[in-house]
Amino acid sequence: MSGCDSNMKAQGFSISDCNLHMPKFSTNATPPNFASFLPFHFPSKLSLTCGFSNPLLWAHRPRGWRSSNGGGPGPSLMVKCVSNGDNDDGFYIRRCVELARKAVGFTSPNPMVGCVIVKDGNVVGQGFHPKPGQPHAEVFALRDAGDLAENATAYVSLEPCNHFGRTPPCTEALIKAKVKKVVAGMVDPNPIVASKGLDRLRDAGIEVVVGIEEDLCKILNEAYIHRMLTGRPFLTLRYSLSVNGNLLDLIGDIVTSSGGYYSCLLQEYDAVVLSSSLFSNNLSVLASQEPGANQPFRIIIHKDLSSSNKIPLVINDATGKEIIFTDNRTKAAPEVAQQGIETVALDQISLDAILDYCNSQGLCSVLLDMRGCFNEFEDLVTEGIKKRYINKFVTEVLPIWNGCAETDPLKPLKSLEQVKVVNLQSKASDQSIVVEGYFKF
Ligand SMILES: [Zn+2]
């Protein structure tokens, strides 16, 4: 089994090994304005009954949650696949997105992709890309359809690839299967190869339609798209506040159980940046409770700030998915090295170093989880704002009134003027309110 096939986040695979859907970055390429992907207007046909965060994350949310968009406990999946009878293209692309989401947390550095083959109004094949090293969605769907793929319509959430990776291009598989029509949710976000797969299909005489449920498809792969366009992982800042607006080192109970926003974030994000102080209390080191979740890579930051914040001697559940970033003033404990946990010593811990590391590991999304020792985050948040690295925030407001924390890493954020926030969403329970949005610098 290749390094990409199993536990790919842990094994330090190279991007080129797993680069099935994702052409290599060109450092000379000028990325198109990412703002063109914002704001993420939810598609009109999309059910908003449990819309929050990545819309599908709230598939199994706990009872008692209400979203800002008016819904009660929602359907089993955020994407409601309801046919309107007139034009079913949207219906089948939404089904593709639903299928693609089955691999949430597993596909980086590749995108999540789903495919449905439809003939005479019947679904005759479907598939999704499970993880790097495995066939693409189109291949699974064509296999599922067999001979019925001939003269059928193939729906796919992302433009089919047109280059040789570990498998032949999906365009060739579609041509070979003699499909009549291909409907794609969106073009490949890489400006260098965008539309080449669709051109290849057209050249082969296949009817091509593109841009169906495009916003939904972009939301599905917002982290992948961001990394493709910038060469950097998508970065989200998470923190908790009291009702009087002060930072809290707390997290609601309900949100860490299956279906809660925090459990879903850990399932969705490829890496989570944590304070080393959390490891002095193992109860604070949380894992996603979603069934079958691929736990995120843990990036532990440690600064020699006080005697109460020693580098963790033991990380009990070392899975090979931890790395410690420390500054040169701090000596890594030998016990940590004995556990096989990599430690990177830097003159100064920086987001640049963390994001570069994540990028080299093929990770598309990083969660900066502000818990534990706030001092350890102060410089990172400042850097994230200054360099415009922070794409998104998730804020949990808890029913607590408290005094101001000694150190407030949000201070540089609070002093900023004219930072636009778009696509604000909220969810409420009797225990907390969770607000999220995108920064538009
Ligand atoms: Zn492909």
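The largest nonpolar core of this predicted model comprises 56 residues, and those with the most contacts inside it are L265, A271, V272, V273, I299, V366 and L368. A nonpolar core is a set of buried Ala, Val, Leu, Ile, Met, Phe, Trp, Tyr and Cys residues joined through C-beta atoms within 7 Å. Leaving aside residues up to four places away in sequence, L265 touches R238, L367 and V394. A second, separate core has 44 residues, including L99, F140, C170 and A184.

Because the model is predicted, local features need pLDDT of at least 70 and side-chain atom pairs count only at pLDDT 80 or more, while totals for chains, interfaces and linings use all residues. Residues are numbered from 1 along each chain as its sequence is written.

Two helices (DSSP runs of H or I, at least four residues; strands are E runs of at least two, and both are numbered from the N terminus) are compared below. A residue counts as buried if 20 or more other C-beta atoms lie within 10 Å of its own, with C-beta atoms placed from the backbone.

| Helix | Buried residues |
|---|---|
| α3 (residues 137-145) | A137, E138, F140, A141, L142, A145 |
| α5 (residues 196-203) | G197, L198, R200, L201 |

Helix α5 is followed by G205, whose phi is positive, near 90°.

The buried residues of α3 pack against α2 (89-100), β2 (114-119), β3 (122-128), β4 (153-156) and α4. After α3 comes G146, with a positive phi near 60°.

Terms used
Buried ≥ 20, exposed ≤ 12 C-beta atoms within 10 Å, placed from the backbone. Contact = placed C-beta atoms within 7 Å.
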